[in-house]
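Thanks for coming, everyone. Let me put the structure on the screen, and then we will walk through it together.

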Amino acid sequence: MSQTLPKLPVLSRVVPMLSLIAAAVAVDQVIKWLVETRLPFNELMPVVPMFALYRTWNEGIAFSLLGGLPDTALLVLTGLVILFVLYLWWRTPPGRGIAHFGYALIIGGALGNLVDRAIYGHVVDYILFHTESWSFAVFNLADAFISIGAGLIVLDEVIATLAERRNRT
């Protein structure tokens with residue numbers, strides 16, 4: 001009698017994970033190319049109230065942190081973060097699809113910004129939420145992928161913890 005292996009959730013397998021990462025990087029890079037070739041630099045382009053496009057460059061990492069570090073240090077740091085997230089993906093049980101999706105978004109976002117830094121020495125930012133008296137840091141789609149991915153991992157942990165508590169009672 002032959003046994004069939006249990007089917008693994010999609011994002012716990014390597015090819016779908018790499019496909020999602022590649023798609024995230026591709027979309028991020030296409031949008032950044034459009035921003036770099038079509039938007040004026042450091043000029044507010046209102047889209048709707050409280051949302052504008054504002055092309056600028058980020059010399060640091062997320063939200064301009066560590067802007068004083070040399071590019072090589074930022075590239076190495078980003079590479080280490082990507083390796084750590086890959087390790088977490090590998091160690092996370094296959095049934096935790098929300099976490100796997102989050103890891104893919106984080107890696108895709110980090111790679112999108114890594115490409116910018118490696119090619120240009122800075123990251124292209126263009127999304128601005130603001131009011132007349134306040135504005136959020138200018139960011140890009142890769143940053144959004146990283147933030148959403150982190151949120152999904154936290155959500156997955158909450159769901160897993162609640163399920164574990166429910167199973168204990």
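I will start with the overall layout, then take the strands, the helices, the salt bridges and the surface.

First, the ground rules. This is a predicted model, so to speak of local features we need pLDDT of at least 70, side-chain atom pairs count only at pLDDT 80 or more, and totals for chains, interfaces and linings use all residues. Residues are numbered from 1 along each chain as its sequence is written, and side-chain values use heavy atoms, with hydrogens and water left out.

Now the layout. The protein chain has 4 helices and 3 strands. Helices here are DSSP runs of H or I with at least four residues, strands are runs of E with at least two, and both are numbered from the N terminus. Along the sequence, the pattern reads α-β-β-α-α-β-α.

How much of the protein chain is buried? Of its 169 residues, 34% count as buried. Buried means under 20% relative accessible area, exposed means over 50%, and partly exposed is in between, with a 1.4 Å probe and protein chains only. The protein chain exposes about 10,300 Å², and carbon and sulfur atoms supply 70% of that. Those areas come from the Shrake-Rupley method with a 1.4 Å probe; for residues, only the protein chains shown count as cover.

Next, contacts, meaning heavy atoms within 4.5 Å. Take the contacts in the protein chain with a separation of 6 or more: 64% of them come from residues 24 or more positions apart.

On to the strands. Two strands pair if DSSP finds at least two bridges between them. Strand β1, residues 45-48, runs antiparallel to β2, with 3 bridges. One example is Pro46, whose bridge partner in β2 is Ala52. The hairpin of β1 and β2 has 2 residues between the strands, and Met50 there takes a positive phi near 75 degrees.

β2 also pairs with strand β3, residues 123-129, in the antiparallel sense over 6 bridges. There, Phe51 has Phe129 of β3 as its bridge partner. How enclosed is β3? It is largely enclosed by the rest of the structure, because 6 of its 7 residues are buried.

Now helix α1, residues 14-38. Its 25 residues should span 36 Å at 1.5 Å a residue, and its end C-alpha atoms are 36 Å apart, so the two agree. The expected span is 1.5 Å times one less than the number of residues.

Which residues of α1 are buried? They are Met17, Ile21, Ala24, Val25, Asp28, Lys32 and Val35. Their cover includes β2, α2, α3 (97-120), β3 and α4 (141-168).

A salt bridge is a side-chain nitrogen of Lys or Arg within 4 Å of a carboxyl oxygen of Asp or Glu. By this rule the count is 6.

Lys32 and Asp28 form one of them, at 2.9 Å from N to O. Both lie in helix α1, 4 residues apart, about one turn of the helix. Asp28 counts as buried because its relative accessibility is 0%. Lys32 is buried too, at 3%.

Lys32 also meets Asp116 in a salt bridge, at 3.0 Å from N to O. This pair links distant parts of the chain: Lys32 is in helix α1 and Asp116 is in helix α3, 84 residues apart. Asp116 is at 1% relative accessibility, so it counts as buried.

Another salt bridge joins Arg168 and Glu164, at 3.6 Å from N to O. Both lie in helix α4, again 4 residues apart, about one turn of the helix. Arg168 is exposed, with a relative accessible area of 61%. Glu164 is partly exposed, at 49%. Back to the other salt bridges: shared partners join Asp28, Lys32 and Asp116 into one network.

Last, the surface. Leu66, Leu69, Leu77 and Val81 form a nonpolar patch with about 290 Å² of accessible area together. Patches are made of residues with over 30% relative accessible area and no salt bridge; like charges are joined within 9 Å, and nonpolar side chains (Val, Leu, Ile, Met, Phe, Trp, Tyr) within 5 Å. Leu66 lies in the loop between β2 (51-58) and α2 (71-91). At 42% relative accessibility, Leu66 counts as partly exposed.
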